Amino acid sequence: MGGSHSREELETSDDEEYESEENESSEDDEKYEDSNDNVEDGERNSSGRKAKKTPNSMEEVEAKLRELKLKYTNPAENVNPNLSNAVKLYAYVGGNTPSGKWMVADKVTGYSFVRSGGEGGDGEDEDEDEEVEDSWWVLKVGERVKVRVSAEAQLKTFPEQKRVDFVAKGVWAMKFFSLEDYKGFVGKFHECLFENTYGVEATDANKVKVYGKDFIGWVKPEAADDSMWEDAEDGFAQSPVSVSKDLREEFEEAADGDGIQSLALGALDNSFLVGDSGIQVVRNYAHGIQGKGVYVNFDSGNYRKGNTSLAYSTPKKALLMRAETNMLLMSPMTEAKPHSKGLHQVDIETGRIVTEWKFEKDGTDITMRDITNDGKGAQLDPSGSTFLGLDDNRLCRWDMRDKRGMVQDLVTSSAPVLNWTQGHQFSRGTNFQCFATTGDGSIVVGSLDGKIRLYSNSSMRQAKTAFPGLGSPITHVDVTFDGKWILGTTDTYLILICSIFSDKDGKTKTGFAGRMGNRIAAPRLLKLTPLDSHLAGVNNKFRGAQFSWVTENGKQERHLVATVGKFSVIWNFQNVKNGSHECYLNQEGLKSCYCYKIVLKDESIVDSRFMNDKYAVTDSPEAPLVVATSRKIRSFSISSRQ
């Protein structure tokens, strides 16, 4: 599905027009053919029209042509000289079906960028269902299309075709009559996008103010030093796998209980499916996971009984610890507020909730938005007693031992309090949303303003490096085991950042270990095509993008996976890093990769994750992919067979 580019070709017949029942075509329109469209005409008879009699000889054909007195001209010469910004408009109809295709919506129409909403805006351009705020830029194309200039439009450019595709309550394509017109549109769109995002004009001075002088790659990607991407590529073996094929389903398992809410993959024998009423234990195999028939019910472990200082709701976060014999469960206070006042600890071996932990600092109850392990492989440590916590303006390490170094008595303690052993409470403004750790315990944090901060494993007070945002909140973040690559999730795209740089002595470091200064490469974006974005649904957003799971030095992650609605979307990591990859040819601005594979399910996907790389087998360079919906868990293998 998403791995194919076939649906991007403007294959249409000009005698089949979008909403043709409302637009009667004249005989001249039926003969219209734009020689620059690179489209293939369909068979006339397939549309049900009567076939015309075929001439018997070349002489008759030539006579007919002479009678028509045809004059061949450049299509651009036929454009109405009074029509501003002329384009040809296509609409995609049929969706993800065999009959899906591009159709001509307007053979010649005009586009414009206009102000809408707020004081001084053009009131008629304001959407009825959108609140009035400061004025913003809107793209209008003829009478059919009106869309706010934003990342949600999912603009994709095709320089060689002088064409752009985008989403606006449907999927549209605009073809320009000259390369100058095409470049003028793309430049204006990005200027309007910058202004809509940051509230200031897209001048060089304002871009430097927004991104910072060290981030020239964010301002002018063509001027950035991409040598770090190239150097990194040289150190990795080429993957023999084409992610667009050889993805096969191995196992399918129905979930016990009342549905899956989260997934906790283990690197040892078992993984765990967390639901409303309990935890289902599943077995790890080389080709995926299958159930063991073991179910830990929350009621039997007094999850809802006993000390009820913590408000109960369905656990949204499950964290394995102590060689995967214990699990921490954190529930939001309400569905609308992700913060929690504490968590529950489950002893997996006995199948019981052993205690409730409270978050407290200096005698005052506090909340946490997220928790994670001390490092990528920390859940395998049998003696581990610490983990990391994150709130809007807090970053800390919690310890389940008391201050004297003794393990607290979980049986007699009525309300044990976690010890804040390290961290910092920022005064305001950080708006932390998510975080993750490297193999050595360094920390990457994503924020509401789109910034991504890197903290060393020794200090949480000041970030070593802070990457500027691109205007969209970071909702999830991941990092490779070696700390060289960072993956941020936003609603409409993924951002991949290279953290490698050379210090003044020529030593190669990552942004966790030192300040990168101005030696920073431009990031790369991972996106859905406008059509796939539209098919994913208006309310579906990217969630939980992650690298494949490596827990040993010297091993490199091979794939990236993210969830959006009913889609699991997989990218080949090597392709994304490869600067000469076909997706990047002739692109302007930040490079965007559209080469992915989609796994489509019949219901919304809860999570998509790769198992630990120890489960990669001889005929597959990658461990199985696990895709969980609320009712089923499926495992897929990526085969190396071509």
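User: Is Trp398 buried or exposed?
Analyst: In this predicted model, local features need pLDDT of at least 70, side-chain atom pairs count only at pLDDT 80 or more, and totals for chains, interfaces and linings use all residues. Residues are numbered from 1 along each chain as its sequence is written, and side-chain values use heavy atoms, without hydrogens and water. Buried means under 20% relative accessible area, exposed over 50%, and partly exposed in between (1.4 Å probe, protein chains only). Trp398 has a relative accessible area of 0%, so Trp398 is buried.

User: How many aromatic pairs does the structure hold?
Analyst: Rings of Phe, Tyr and Trp (its six-membered ring) pair if their centres lie within 6.5 Å. Planes under 30 degrees apart count as stacked, over 60 as edge-to-face and the rest as tilted. The number of aromatic pairs in the structure is 22.

User: What kind of pair do the rings of Trp398 and Trp420 form?
Analyst: The ring centres of Trp398 and Trp420 are 5.8 Å apart. Their planes stand at 85°, so the pair is edge-to-face.

User: How many residues apart are Trp398 and Trp420?
Analyst: Trp398 is in strand E21 (residues 394–399) and Trp420 in strand E22 (residues 419–425). Strands (E, at least two residues) are DSSP runs, numbered from the N terminus. The pair links distant parts of the chain, and its separation in residues is 22.

User: Over the ring of which residue does the charged end of Lys156 sit?
Analyst: A charge sits over a ring if NZ of Lys or CZ of Arg is within 6 Å of the ring centre and within 35 degrees of the ring normal. The charged end of Lys156 is 4.2 Å from the centre of the ring of Tyr594.

Definitions and conventions: Helices (H or I, at least four residues) and strands (E, at least two) are DSSP runs, numbered from the N terminus.
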